[in-house]
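Here is a short briefing to read alongside the sequence and the model. It covers confidence, charged pairs and nonpolar packing.

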Amino acid sequence: MPEPDAFYPLNGRYKAAEKENKQPKGILGDVSITNGPYNEPGGAYMFYGTASSYIKFPKISDVSDAQSSITLMCWVQPGGQDGPLFSGDSSPDRKFGMWIEDGKFFIRLIYEYSALLTHTAEDLPTGKWVHVAASYDYNTGNNSLYVNGHLRASQNIGSGYLNLIISSDYRMGSTRDGRGHFKGKIAEMKVYDVALNEAQIQTSIRQGSCTFPVIVVSLPSPMIPLIIETPVIGQSRKRF
């Protein structure tokens with residue numbers, strides 16, 4: 001299983017810092033700590049759907065210099081207002097990111113000012129935690145989207161796009177140009193310099209939950225609410 005080039009837990013313990021201090025700390029805009037995907041206090045950040053409600057991540061080393069594939073993933077609870085979950089911010093003609101638009105989850109790849117988009121058929125459920133992942137495979141040309149660890153959309157856009165996010169900062173929640181302002185919650189942002197497959201994404205979801213070691217995650221089927229199993233002495237209790 002590949003290691004992420006960046007893992008931002010985005011919780012009360014780590015704030016906007018990368019878990020292993022491999023990358024620069026994120027810069028917080030108008031956001032606040034809130035309950036996370038396992039209903040744990042301090043487990044996520046709330047975004048308010050305004051231009052000032054964002055987290056900015058300086059250029060991520062290794063990934064931003066890669067002429068190869070990429071996978072982005074995080075937990076998200078949509079709040080009914082579209083916007084960027086994680087998107088390149090400083091290179092106008094070459095960037096890669098994952099967004100919510102018209103309620104749907106999608107990849108936005110900008111290359112030489114042309115927009116190449118792949119989106120899910122279903123809307124993401126408002127007010128429900130879901131895990132989302134977006135990947136581009138440099139060799140096959142496939143854009144792929146996963147919801148709760150399951151492939152939900154795939155489209156071949158052509159192989160060989162280089163330096164997708166060259167010299168780019170990243171922003172979560174809103175963009176500099178004001179194109180969209182996401183409202184909702186986000187936790188456990190990861191960036192890989194490879195296109196992970198379905199099994200690897202499911203493994204990565206479970207590894208993410210290690211930031212809260214008392215919690216055991218049962219991966220749901222696509223678009224079905226997350227079921228959390230919380231160990232209790234003498235019995236197993238389910239929380240929805």
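Buried means under 20% relative accessible area, exposed means over 50%, and partly exposed lies in between (1.4 Å probe, protein chains only). At 42% relative accessibility, Asp123 therefore counts as partly exposed. This is a predicted model, in which local features need pLDDT of at least 70, side-chain atom pairs count only at pLDDT 80 or more, and totals for chains, interfaces and linings use all residues. Residues are numbered from 1 along each chain as its sequence is written, and side-chain values use heavy atoms, with hydrogens and water left out.

**Confidence**

- pLDDT is the predictor's confidence in each residue, from 0 to 100; the protein chain averages 81, and 75% of the residues score at least 70.

**Salt bridges**

- A salt bridge is a side-chain nitrogen of Lys or Arg within 4 Å of a carboxyl oxygen of Asp or Glu, and a search of the whole structure finds 4 of them.
- Side chains of opposite charge can pair when their charged atoms come close.
- Lys104 and Asp123 form one of these salt bridges, at 2.9 Å from N to O. Lys104 lies in strand E9 (residues 104-111) and Asp123 in strand E10 (residues 114-123), so the pair ties together parts that are 19 residues apart in sequence. Strands (E, at least two residues) are DSSP runs, numbered from the N terminus.
- Lys104 is partly exposed, at 23% relative accessibility.
- Asp169 and Lys56 meet in another salt bridge, at 3.8 Å from N to O. Asp169 sits in the loop between strand E13 (150-156) and strand E14 (170-172), and Lys56 in strand E5 (residues 55-57), so this pair links parts that are 113 residues apart in sequence.
- Both partners are partly exposed, Asp169 with a relative accessible area of 22% and Lys56 with 28%.
- Glu20 and Lys19 also form a salt bridge, their closest N and O atoms being 3.5 Å apart; Lys19 is partly exposed at 22% relative accessibility.

**Nonpolar cores**

- A nonpolar core is a set of buried Ala, Val, Leu, Ile, Met, Phe, Trp, Tyr and Cys residues joined through side-chain atoms within 4.5 Å.
- The largest such core has 37 residues, of which Leu85, Phe86, Met98 and Met189 touch the most other members.
- Leaving aside residues up to four places away in sequence, Leu85 touches several residues, including Cys74, Val76, Met98, Trp99, Phe105 and Ile186.
- A second, separate core of 12 residues includes Trp75, Ala187, Tyr192 and Leu196.

Technical notes. Helices (H or I, at least four residues) and strands (E, at least two) are DSSP runs, numbered from the N terminus. Contact means heavy atoms within 4.5 Å.
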